[in-house]
Amino acid sequence: MVLHLLGLLLWSLLSALVLGWFWGWGVALAGPLLLAWFWLGQHLWRAHRLDLWLRTGSAQEAPALGGLWRDLSDRMRRQLHQRDQQVQIHTDRLGHFLQAIQASPNGVTLLDAQGRIEWCNDSAALHLGIDPQRDQLQHVVHMVRDPVFSRYFAQERHDSEVEIEGRTATLAHSVKLSVQLHAYGQGQLLLLSRDITAVQQAESMRRDFVANVSHEIRTPLTVLMGFVETLQSLPLSAQEQQHYLELMAVQSSRMQALVSDLLTLSQLEGSPLPGKAEPVALQPLMQQVLGDAQSLSALQGPQGLTPVHVLEMSPTPDWSVMGSRDELLSAASNLVNNAVRYTPAGGTIRIGWTRNASDQVVFSVKDTGPGIAPEHLPRLSERFYRVDRSRSRETGGTGLGLAITKHVAQRHGGQLRIESQWGQGSNFMLVFPASRVQGLQSVG
Ligand code: ADP
């Protein structure tokens, strides 16, 4: 800057000397005056271009200016460039931050000091039924429309969370949300929402299960205690005593069966999935299942010696299912034993393995028993669900057999399928993917 001024002074002096020398000292002042005007005009023009660039241009498009203005514009360009880089870094950071919040399964809504929605992620939009664009700056209480939430919002402190109904809830499907407000910044609020439907369902299932187990155990226990009291208080003959002891044995074995099924269920739930390494040969397995079913059927006869059902088993192919022998035996036995227990004497039960058109391997147990009405079919494999409670009890049922069977099928990559018509018998099937079975190529 000082150099530029010194240069101007030097040029003014020189022009005054030249003009004074040639045209007389009267016009000597015109030279510096003209030079000053030119100098001023040039600087004004460059300042104008710089101003124009600062208003509209980007850091890259700096105008080509001379002298002092070039230094200025270079310095400005560098600073603008640095500022652009900073802005880019912060924009990227904000983008990552928003992406992370978007990825959260929990809802996050930012509210301004008046409680109006500033921003929300997709989960919050789904939970609260908000359209992030359309509902921006709408008051959250108007959007959530839940009296519990309105009261909660009006409180001064929001130390705990509250439960409200989710926006996607319908009459048939309840959705429960847990929401909590947190203060941040200058009076702003953060609204966090969490879908707790599954947690609540699991909790209610746990409660039902405990209630069911207690009920199932209490019934035989009460009967047992009644017999014990009778034995203690009444003078009974040896024959009568024997009769009561036999009834007590029935109740004890009922309790034992229940405890054993409960243990099986908890083992199935707690143990790792059976691998595909151990082949379970079906032929010996089926021999055992058939033998047990024949004994069970015979027990229904007067002497308990010959089966009262026609038990037909088609020849078992030389296949092996990869998995756990104990689990597969219990699943197959449950289906066959159920058929024996629910089919009246004289009925027919057909057992067999086939390969279906969808390349699945099917174990089927078909009976000519009472059949099951369609409304019961979807619930049959629920724990303790029974169509005919007294028939189940009479035949030593625990209400857990099909739950265990379904679990075993799923643990082996398969499923339990039930086809039945009221009054026309049932067909219970275990369906496995062919990939789970070894030796399929040995049969056409
Ligand atoms: P349970 O110990 O009561 O037999 P399961 O879970 O094995 O319990 O079966 C559930 C219910 O399904 C039974 O109570 C019975 O009502 C019905 N059921 C199962 N198998 C048959 C069948 N083969 N024929 C008719 N009903 C059946």
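**Ligand site in a predicted model**

A backbone N or O atom of Thr398 lies 2.8 Å from an oxygen atom of the ligand, a polar contact being a pair of N or O atoms within 3.5 Å. The protein covers 98% of the 520 Å² of accessible area that the ligand has on its own, with areas taken from the Shrake-Rupley method and a 1.4 Å probe. This is a predicted model, in which local features need pLDDT of at least 70 and side-chain atom pairs count only at pLDDT 80 or more, while totals for chains, interfaces and linings use all residues. Residues are numbered from 1 along each chain as its sequence is written, and side-chain values use heavy atoms, with hydrogens and water left out.

- A polar side-chain atom of Asn338 lies 2.8 Å from an oxygen atom of the ligand.
- For Val387, a backbone N or O atom lies 3.0 Å from an oxygen atom of the ligand.

The shell around the ligand
- Among the 20 residues around the ligand (a heavy atom within 4 Å), those that come nearest are Asn338, Tyr342, Ser392, Gly399 and Leu402.
- Helix H10 (325-342), helix H12 (401-411) and strand E12 (426-433) each supply at least two residues of this shell, and the largest share, four residues, comes from H10.

Overall form
- The protein contains twelve helices and 13 strands, which are DSSP runs of at least four residues (H or I) and at least two residues (E), numbered from the N terminus.
- Along the principal axes, the C-alpha atoms of the protein fill a box of roughly 160 × 65 × 35 Å.

Conventions
A polar contact is a pair of N or O atoms within 3.5 Å; within protein, one must be able to donate a hydrogen and the other to accept it, and residues adjacent in sequence count only if both atoms are side-chain atoms.
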